[in-house]
Amino acid sequence: MRKPKIVVLGAGYGGMITTVRLQKLLSVNEAEITLVNNNSYHYQTTWLHENAAGTLHHDKTRLNIKDVIDTSKVNFVLDTVVEIRGKEKRVILKNGELEYDYLVVGLGFESETFGIKGLKEHAFSIANINGARQIRDHIEYMFSRYATEKRDELLTIVVGGAGFTGIEFVAELANRVPELVHEYDLPREKVRILCVEAAPTALPGFDPELVEYAVKFLEKKGVEFLIGTAIKEATETGIIVSKDDKIEEIKAETVVWAAGVRGNSLVEESGFEAMRGRIKVDQFLRAPGHDDAFIVGDAALIFNPENDRPYPPTAQIAIQEGYNLGKNLAVLVRGKGELEPFTFDNKGSVCSLGHDDGIGVVFGKKLTGWQAAFMKKIIDNRYLFLLGGPLLVLKKGKLNFF
Ligand code: FAD
Ligand code: NAD
């Protein structure tokens, strides 16, 4: 009998967890499983701000996909997805094509620039290993030039957005700057880290007491916040901001846009009905009108029934979706058993402020300082455990708790 073909696109949190669940639940004789990714490695997106700041090497963040998947059960294809042809049940890759009976789309997120002029050309974003590496190298290069050029903008770093990504990144930068100042013989007072946020507060929507803790903590480390200030344009020499209808130019050689994400645009380009690249899925994570196509991670749009607002795109929900989907696909392949509807079990969120501090709400309890930092490492290590068991935690985990 012909084995059903399951094709998983993208080795992010959602795609990886779906795949390792499938390889655990199904035997080689039951299904042909293929995982496609544009890199030979899987990376922890949640650590990219550390790689971008240079406080953690990117080799710590990434792992070889073939070291985690069971290649006797899963066929790994290193290629880039170009198009999904849902009606034909085919995926077009840069270097080939794949047919499927069941498709899992886990192609993740990309930076959302909201059409703001100049951002694509003049700003960096923290979206993958390459982007993070470029930011780290660029900052070092700018700092190295200061000794001869003495231009202040070489030492000015602007971060757009004080959401979780912006805050976690400026915190890493604040820890990295003393090392850079030492390495390039720079006057510390000349280095500026500016965090520009359009909303009336940093971390809009998060617990105000914890936000105040984070802002004070970061200000003490030299981060300057421009709150209620919107980035209007990025130019060759810096950014244009507006506050209370006043326009101002800030000269900076490094601009990092961390002010929004959207689902991978390939998804809507392939004809799936999407809102900013996110597909509103049904309770079994199926795309509307595609009974055999499932969406996990940032490309999936799921509404919180309590407030009818979309759950924010997080690794936490992507992992839970992958877990649920792996099980449901095994049911479909076997043709017996009940599909389990997906429900999100929100355990809370933790925002790191460097490796040894943070803020968070976990199981309804507020955490600050080392307790939050400790919890963040537990969360990170738990993911590695789910992915590859205790050996992966030992190899790639964050074990320096204090
Ligand atoms: P992603 O992690 O986005 O991965 C997508 C994969 O698809 C990648 O491997 C990519 O290489 C591959 N891919 C993309 N396009 C193609 C293509 N065309 N062909 C082939 N392969 C392709 N969330 C939390 O819950 N907690 C946190 O602490 C947290 N911290 C974060 C810190 C930062 C700096 C950032 C940027 C985000 C953070 N998030 C956090 C959000 C979280 O990282 C995302 O929600 C999560 O990564 C989404 O996972 P995903 O499965 O959709 O895929
Ligand atoms: P976000 O959308 O959560 O935050 C973007 C911020 O940028 C907002 O505060 C917004 O007001 C601001 N902004 C938008 N336009 C602006 C402009 N023109 N000028 C200045 N500010 C502007 O994006 P994010 O922080 O990248 O987070 C993306 C997703 O990843 C979220 O779901 C988040 O929860 C998740 N994430 C989680 C963690 C964590 O749990 N530790 C860390 C990083 C990201």
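**Entry 1: aromatic pairs**

Rings of Phe, Tyr and Trp (its six-membered ring) pair if their centres lie within 6.5 Å; planes under 30 degrees apart are stacked, over 60 edge-to-face, and the rest tilted. I looked for such pairs and found 6 aromatic pairs in the structure.

This is a predicted model, where local features need pLDDT of at least 70 and side-chain atom pairs count only at pLDDT 80 or more, while totals for chains, interfaces and linings use all residues. Residues are numbered from 1 along each chain as its sequence is written, chains are lettered from A and ligands numbered from 1 in the order in which they are written, and side-chain values use heavy atoms, without hydrogens and water.

I took up Tyr 13 and Tyr 383. Their ring centres are 4.7 Å apart and their planes stand at 55°, so I noted the pair as tilted. I then checked where the two residues sit. Helices (H or I, at least four residues) and strands (E, at least two) are DSSP runs, numbered from the N terminus. Tyr 13 belongs to helix H1 (residues 13-25) and Tyr 383 to helix H11 (residues 369-396). They are 370 residues apart, and the pair links distant parts of the chain.

Next came exposure. Buried means under 20% relative accessible area, exposed over 50%, and partly exposed in between (1.4 Å probe, protein chains only). Tyr 13 has 8%, so I wrote it down as buried. Tyr 383 is buried too, at 3%.

I turned to Tyr 213 and Phe 217. The centres lie 6.2 Å apart with the planes at 10°, so this pair is stacked. Both residues are in helix H8 (residues 208-220), 4 residues apart, about one turn of the helix. Tyr 213 is partly exposed at 29%, whereas Phe 217 is buried at 18%.

**Entry 2: charges over rings**

I searched for a charge over a ring (NZ of Lys or CZ of Arg within 6 Å of the ring centre and within 35 degrees of the ring normal). Arg 62 lies over the face of Tyr 41, 4.7 Å from the ring centre. Lys 398 lies over the face of Trp 47, at 4.2 Å from the ring centre.

**Entry 3: ligand 2**

I listed the residues near ligand 2 (one heavy atom within 4 Å). There are 23, and the closest are Thr 165, Glu 197, Ile 231, Pro 313 and Val 350.

I then looked at polar contacts (pairs of N or O atoms within 3.5 Å; within protein, one must be able to donate a hydrogen and the other to accept it, and residues adjacent in sequence count only if both atoms are side-chain atoms). The side chain of Glu 197 has an N or O atom 2.5 Å from an oxygen atom of ligand 2. The side chain of Glu 168 places an N or O atom 3.0 Å from a nitrogen atom of the ligand. Ile 231 uses a backbone N or O atom, 2.9 Å from a ligand nitrogen.

The elements giving two or more residues to the shell are helix H7 (164-183) and strands E13 (192-197), E15 (230-234) and E26 (348-352). H7 gives the largest share, 3 residues.

**Entry 4: positive phi**

Phe 114 has a positive phi of about 50°. It lies in the loop between strand E10 (109-111) and helix H5 (119-122), and is partly exposed at 44%. Lys 150 has a positive phi of about 55°. Its place is the loop between helix H6 (129-149) and strand E12 (156-160). Lys 150 is exposed, at 52%.
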